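Hi,

Here is the structure I promised to pass on. Have a look at it first, and then read my notes on its pockets below.

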Amino acid sequence: MTIATIDPRTGELVAEFAPHDASEVERRIAAAQSAFETLRETALDQRAQWMRHSADLLEADADAVAGLLTLEMGKPISQARAEVAKCAKAMRFYAERAEGFLADEPLADPSVVGARMATVVYEPLGVVLAVMPWNYPLWQVVRFAAPALMAGNAGLLKHASNVPQAALYLDTLFHRGGFPEGAFGALLIGSGAVEAVIRDPRVRAVTITGSEPAGRSVAATAGSEIKKSVTELGGSDPFIVMPSADLETAVATAVTARFTNNGQSCVCAKRFIVHADVFDEFVRRFSERVAALTMGDPADESVDVGPLATRAGRDELAELVDDAIAKGARVLVGGGVPDERGWFYPPTVLTDLSGDMRLVLEEAFGPVASVYRVADRDEAIRIANQTPFGLSSSVWTRDADEEDFFVLRLDAGAVFVNGMTVSFPELPFGGSKNSGYGRELAAQGMREFTNVKTVWKA
Ligand code: NAP
């Protein structure tokens with residue numbers, strides 16, 4: 001895959017970048033290792049000051065950076081601005097909270113382990129490689145980088161090949177903020193060059209956010225080297241609507257939950273599982289709202305849905321929908337690749353799904369909603385849990401007993417009741433099953449890349 005910015009509105013090449021050769025990769029790994037040795041000796045206060053300054057710089061660059069995200073992957077501009085703001089917030093969150101998250105945890109009574117003093121301390125691991133996707137080119141990286149750097153690690157970024165300018169922006173951001181040179185740097189390399197970086201003895205751990213196949217490959221290499229890995233992979237999140245739900249709010253939220261980021265979020269609601277008692281009304285209102293969404297130039301403030309980020313992604317989505325239609329799915333809105341330039345796919349709603357359709361078990365990474373009719377809560381949970389994924393989930397009900405029923409049984413990294421899935425710095429984020437393992441965000445995410453050291457003193 002070439003490392004290039006290709007405008008998804010038009011399919012035109014904007015800029016191409018030569019991949020880093022072996023000597024440049026070596027130079028960058030060495031710089032990261034050397035920065036780590038400095039960083040681990042710095043006080044948390046100092047790191048917090050650099051992190052806050054980096055957040056200030058990002059905010060000062062907000063318009064230009066947001067424009068870059070829209071150009072490289074087609075995100076609607078207002079959502080690009082929101083992504084920048086969210087990153088700055090998370091950076092400040094970790095600047096403020098790292099000390100508490102990493103505080104020593106002494107045993108109240110060390111005599112129970114025969115010690116004068118016994119405690120747990122959290123130490124940085126060293127250089128951590130981050131293999132990242134294009135869908136939130138800034139946020140995915142920052143939610144790793146902010147806690148990792150605050151913990152005293154150094155980071156190396158292998159970004160998706162279609163967002164090189166976002167990668168190059170991040171390459172300098174933290175150094176501009178005050179972190180030592182090399183503390184966070186980008187490697188312009190293709191996916192084929194990742195294995196050698198993971199195997200480098202100076203690289204101590206890896207985190208990957210991306211598709212299931214990429215996650216398998218990265219995790220297998222890390223496992224063979226006995227290196228820590230965190231995997232944040234695909235999802236096909238259920239959005240369950242029960243008869244007691246506030247239907248109007250559920251429908252309005254369903255549209256945002258499916259079509260935000262042009263439908264290309266790992267935690268987009270992808271499957272709408274609706275009780276038969278409210279199915280027809282849900283479908284009517286949902287379809288009406290989806291049909292009213294505007295598709296077009298993502299730089300235009302009035303546009304709801306831009307193009308998909310890559311041609312391959314658009315074609316794969318079209319294949320999933322065509323397969324479902326050929327096997328009997330009913331198209332309520334949209335469907336079909338439009339006859340225009342760029343990698344557009346219209347907001348689409350499908351129903352009458354059956355188990356032989358790929359769409360039922362695979363991830364639809366784009367603006368396509370599948371709606372299922374269910375007879376009761378047992379059928380809802382069966383369909384919700386039937387995919388290999390388990391990233392997040394959303395359930396709409398005003399019945400307290402039903403809330404407990406779903407919270408207990410949804411096999412996912414998160415359950416949102418009467419709300420759509422959103423990531424917050426304050427809450428851990430990650431999946432179950434093939435959506436991956438490990439957590440990002442909150443204290444749990446920060447501690448993933450630490451050595452939990454037991455200290456025992458006689
Ligand atoms: P992708 O094709 O898997 O790419 C993700 C990253 O992995 C890119 O940097 C890519 O590099 C690299 N990569 C791909 N194959 C690799 C391999 N065999 N070995 C090493 N690196 C490899 O995914 P994407 O299309 O960018 O992103 C969409 C997927 O990410 C969706 O499945 C989505 O659900 C998932 N996602 C998950 C989360 C989460 O938190 N769980 C968040 C966002 C996205 P190249 O670009 O050079 O190929």
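In the largest pocket, the lining is made up of 45 residues, and those nearest its centre are Trp134, Gly210, Ser211, Glu212 and Ala214. A pocket here is an open set of points on a 1 Å grid over the protein atoms alone, where a 1.4 Å probe fits, with protein on both sides within 12 Å along at least five of seven lines; lining residues have an atom within 4 Å of a point.

Please keep in mind that this is a predicted model, where local features need pLDDT of at least 70 and side-chain atom pairs count only at pLDDT 80 or more, while totals for chains, interfaces and linings use all residues. Residues are numbered from 1 along each chain as its sequence is written, and side-chain values use heavy atoms, without hydrogens and water.

The largest pocket holds about 1,200 Å³ of space, a volume being the space filled by probe spheres set on the points, which are joined across faces, edges and corners. Domain 1 (3-233 + 435-457) and domain 2 (237-424) both contribute to its lining, so the largest pocket lies between them; the domain bounds come from an automatic or database assignment. Helix α8 gives the most to this lining, six residues (helices are DSSP runs of H or I, at least four residues, numbered from the N terminus).

The second largest pocket has about 400 Å³ of space. Its lining has 22 residues, with Lys86, Tyr136, Thr260, Val422 and Ser423 closest to the centre. Helix α4 provides the largest share, four residues.

Best wishes

Key:
Helix = DSSP H or I, 4+ residues; strand = E, 2+ residues; numbered from the N terminus.
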